Amino acid sequence: MDVEIKQQFDEMGVEPAEAVLDRCVELAISYNVDDATEFVEQWMAFSLSHLHGEDPSTDNLGEFERKVLQLRKDKMKSKAAAQKPKTYAPAETSSLASYGLIEDEPMMDDYMGDSMADSSAMHTPKGKKGSAHSGALKGGVLFSPASYTPQSAKRNPAGGSATPSNTVAGKPGDIVDSFGHPKLLAGSNWQSQMEHTLPVVQKLLHKDAPLTIANLGYMNDLLSDRCDDLHDRLVDIGRALVERKLGAEAAAEASWYPQDRQTLQALHSLHAVGMIHSEDDGPLDAHSAILSVTDSEDNELISLNFSRIKSASIFPGQVVLAKGFIPKGNSFVVEEMHTERKLTPPNPLKVDRELQFVVASGPFTDSTDLCYEPMHDLLSYLKDHRPDVLVLTGPFLDADHKTVGELAETFDSFFEKMIAGIMEVVGCHTTVLMVSSQKDAMAHSVYPTPPPTLRRTYPNLHLLPDPSMVDLDGITVGITSTDVVDHLLSHEFAANAGERMHRAINHLFHQGSFYPLYPPADEDMAYDSQLALKYAQLRQLPNVLILPGDQRHFIRLVSDCLVINPGRLSDKKGGSFARFLVAPTAPGKAANMFNSVACQVQRI
């Protein structure tokens, strides 16, 4: 017992003396506290509430004994005499039960008050038609972490502020978006046809290795290196744009910027390859766009005039091919703007049986608590449907969450327990892909983001970096947890440029990057250009691309790639997730995505 208690204190950053440890063991045994984690968490809660966070000593342990342990013992005796002990969960529980109170805990009453102690705020609520979780998850316990201040873990009462579940029209299970052949959609029961774990091969590699913490190196991104990277990108994409639009012969005959001043004024038409930037270091508009034109000798900036252009869609960091003229000064009057290059199409689908996928994106809990109700709803669905592949994208524990500072355990420990609960429900035959997010409290705050490490491993769990590209038995899937679509749409200048989502997706494809903006749209985003050059390139289109974000959920087919935004699992407007299947093409039908793939976005 002393070893376990010492280990728990070590995880909290506390180093008690031997005499204090001996006293802790004595108290735990005397008051029948068999769980070292429970003992230490209750001490930490008491210390923060009464002692301003002091470390344990023989003196304040005596106060802890009187105010917590003895009071707990007395309450247990009085309750045992008055009535049978209350039970909030069956005796047999899953790993998820470690996050909630599954039985009566008088120790918690000291911090919650009598009114809260008997409420169901910390437990699975009993719905009018029976518990939604009781038939789906063993134990039916909500996902609620241990916290220093137990009050923060409670859910909003019925009369309190609105939660996603009671502010949204419609009901759980509603299909809010669909794609695919009607026969595929109608004929599927959305369950795996056989128990089979798929092989997972990562495709975003540098020196034959994916991004991990072991090979991670950042915070040494020199300004000169960034300039070199941007120059190389401008040259490579610019060459591809010229090749697609003009070809070698026409490019050789065309007039190009830069030229000397007299020549420029004499030319009525010239071309320029450059990178778009904003003069205001923010979102673009018709007056703030400038073009950085680079050749072997100079690096010039020219302002862009869009008074004569019919359509355009540009954003900071984009490489473009512009056609126009310079009447005077340093203003380039744009007549045409070309942004599309020749793409490497996805590999043909190669499947010999139907494969089922479920995709969900964080956050997985409401912004006001850490109960993880949407996660439990998803796990209930997974228990009933058992897909072949489960894709989860972060954040799993948002560092900016209102109550994340009240966790009475390390972020890594909390994440480990979350994984254990998910894997217990999912089982061993579903391949689980979890993509990290730089917003996670336990992740490295850098983009691209390496996956966290676990002490325990699972054969069917694959922790992936952000972004990732994987091959799943003949299906190539690209995944990111970064809201790049929202970043693009919030910073672009567009005029008569077509549908917004289709446009943003095309930007990724034709710029050949999972995150083509520069500088990043999010000021808090720790973008590392060296890592992005190695691990964030989109050189070949995947069969399926997962782009979660705050924009409304969508399903789009762009350049024969199925692009899915499943929505956020926890959302004020109603959480959602996506499910899709890939089936062998039926005899006599054309081999295309519409005939082979069916996808739905479902309300959670």
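Predicted model: local features only at pLDDT ≥ 70, side-chain atom pairs only at ≥ 80, totals over all residues.
Residues are numbered from 1 along each chain as its sequence is written, and side-chain values use heavy atoms, with hydrogens and water left out.

**View A. Helices α10 and α11 in contact.** The axes of α10 (residues 373–385) and α11 (residues 411–426) come within 9 Å and cross at roughly 25°, which makes α10 roughly parallel to α11 (angles under 35 degrees count as such). Met-375, Leu-379, Leu-382 and Lys-383 of α10 make the contact with Met-418, Ile-422, Val-425 and Val-426 of α11, contact meaning heavy atoms within 4.5 Å. By class, these residues are seven nonpolar, no polar and one charged.

**View B. The second largest cavity and its lining.** About 40 Å³ of space lies in this cavity, and the structure holds three cavities of 30 Å³ or more; a cavity is a set of points on a 1 Å grid over the protein atoms alone where a 1.4 Å probe fits but cannot get out, and lining residues have an atom within 4 Å of a point. Among the lining residues are Pro-363, Phe-364, Tyr-372, Asp-398 and His-401, and the lining of the second largest cavity comprises seven nonpolar, two polar and one charged residues.

**View C. A salt bridge between Glu-63 and Lys-67.** The closest N and O atoms of this pair are 2.9 Å apart, a salt bridge being a side-chain nitrogen of Lys or Arg within 4 Å of a carboxyl oxygen of Asp or Glu. Both residues lie in helix α4 (residues 58–82), four residues apart, about one turn of the helix.

Terms used
Axes fitted to C-alpha atoms, helices over the stretch in contact; angles between N-to-C directions. Helix = DSSP H or I, 4+ residues; strand = E, 2+ residues; numbered from the N terminus. Parallel < 35°, antiparallel > 145°, perpendicular 65-115°, else oblique. Nonpolar A, V, L, I, M, F, W, Y, C, P; charged D, E, K, R; others polar. 1 Å grid on protein atoms, 1.4 Å probe; cavity = no way out; pocket = protein on both sides within 12 Å on 5 of 7 lines; lining within 4 Å. Points joined across faces, edges and corners; volume = space filled by probe spheres on them.
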